[in-house]
Amino acid sequence: MASAGSDLGIENTNIKTAPGVSLDEQQKTLVGSVLDLFAGRPSLKKLSLWDDNGVFEDNITIATGRTQFEAQWYGLQTAFSEIERLHHEVVSAGNPIGMDLKTRYVTKGISKEQTIESRINIFYDKDTGKITKVQDKWGGELPDSSFKNVSIDQLFDPWWWVHYAEGWVWWMWSFTWDTWWWQAMRNLNSVTVPKMVSVPKNDEEDAKRGNQ
């Protein structure tokens with residue numbers, strides 16, 4: 001696993017770390033592969049670094065198992081015409097590996113642009129070297145379970161509603177959405193996206209898409 005980066009076609013090999021943070025070779029491979037995924041550069045080889053029962057979780061989905069999380073990553077290519085990483089920095093070399101990430105997305109068809117700042121947590125099994133979970137926390141947070149978890153202060157904050165509305169419109173156009181029924185919609189997203197996104201069946205098909 002330690003020397004697998006080049007064999008897997010990982011493109012992001014220049015990993016930026018915060019002062020005092022040092023990654024071993026295995027961790028560099030995992031971080032590099034995750035950066036590729038967030039850049040809309042998935043491949044079956046890179047996703048082989050994930051445990052079959054792995055989980056991808058962000059503010060709009062909880063994708064559990066290979067069928068669901070692979071569709072989420074390949075879905076970025078389907079939804080967005082541009083994906084630009086503006087900043088990344090690994091801030092913790094533990095388990096999970098913690099990373100700050102800032103990414104600009106442009107939605108296909110309507111050219112809607114959105115910049116998201118996230119805290120990424122990468123959980124992995126030290127014995128197998130496989131990723132078991134990736135959390136993408138927009139603004140450093142994930143919803144707990146439902147709209148009722150929004151604070152009273154947020155409900156009376158007009159800027160919170162503006163931010164909420166922008167996110168809802170943006171994700172609705174990119175086939176995923178942000179609604180008041182957070183938990184139900186996050187679960188629904190994980191089920192529906194695999195039905196809309198085609199994942200390559202083998203390396204040959206993957207290569208034809210330019211993913212290897």
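The legends below describe close-up views of one predicted model.

Residues are numbered from 1 along each chain as its sequence is written, and side-chain values use heavy atoms, with hydrogens and water left out. In this predicted model, local features need pLDDT of at least 70 and side-chain atom pairs count only at pLDDT 80 or more, while totals for chains, interfaces and linings use all residues.

**View 1**
Helix α3 covers residues 66-79, where helices (H or I, at least four residues) and strands (E, at least two) are DSSP runs, numbered from the N terminus. The expected span of a helix is 1.5 Å times one less than its number of residues; for the 14 residues of α3 this gives 20 Å, and the end C-alpha atoms are 20 Å apart, which agrees. Among the buried residues of α3 are Phe69, Trp73, Tyr74 and Leu76.

Rings of Phe, Tyr and Trp (its six-membered ring) pair if their centres lie within 6.5 Å, and planes under 30 degrees apart count as stacked, over 60 as edge-to-face and the rest as tilted. The structure holds six aromatic pairs. One of them joins Phe38 and Trp73 edge-to-face, at 4.9 Å centre to centre and with 85° between the planes. This pair links distant parts of the chain, with Phe38 in helix α1 and Trp73 in helix α3, 35 residues apart.

**View 1. The salt bridge of Glu11 and Lys46.**
A salt bridge is a side-chain nitrogen of Lys or Arg within 4 Å of a carboxyl oxygen of Asp or Glu, and by this rule the count comes to 11. The side chains of Glu11 and Lys46 meet in such a bridge, at 3.6 Å from N to O. Because Glu11 lies in the segment before α1 and Lys46 in helix α2 (residues 44-47), the pair ties together parts that are 35 residues apart in sequence. Glu11 is partly exposed at 43% relative accessibility, whereas Lys46 is buried at 1%. A network of salt bridges links Glu11, Asp36, Arg41 and Lys46.

**View 2. The salt bridge of Arg104 and Glu84.**
The side chains of Arg104 and Glu84 form a salt bridge of 2.8 Å, N to O. Arg104 belongs to strand β4 (residues 97-107) and Glu84 to strand β3 (residues 80-92), so the pair ties together parts that are 20 residues apart in sequence. Arg104 counts as buried at 15% relative accessibility, while Glu84 counts as partly exposed at 35%.

**View 3. Lys133 over the ring of Phe123.**
Lys133 is found in strand β6 (residues 131-138) and is partly exposed, at 26% relative accessibility. Lys133 lies over the face of Phe123, at 5.6 Å from the ring centre; a charge sits over a ring if NZ of Lys or CZ of Arg is within 6 Å of the ring centre and within 35 degrees of the ring normal. Leaving aside neighbours within four places in sequence, Lys133 is in contact with Val55, Glu57, Asn121, Ile122 and Phe123, where contact means heavy atoms within 4.5 Å.

Definitions and conventions:
Buried < 20%, exposed > 50% of the residue type's maximum accessible area, 1.4 Å probe, protein only.
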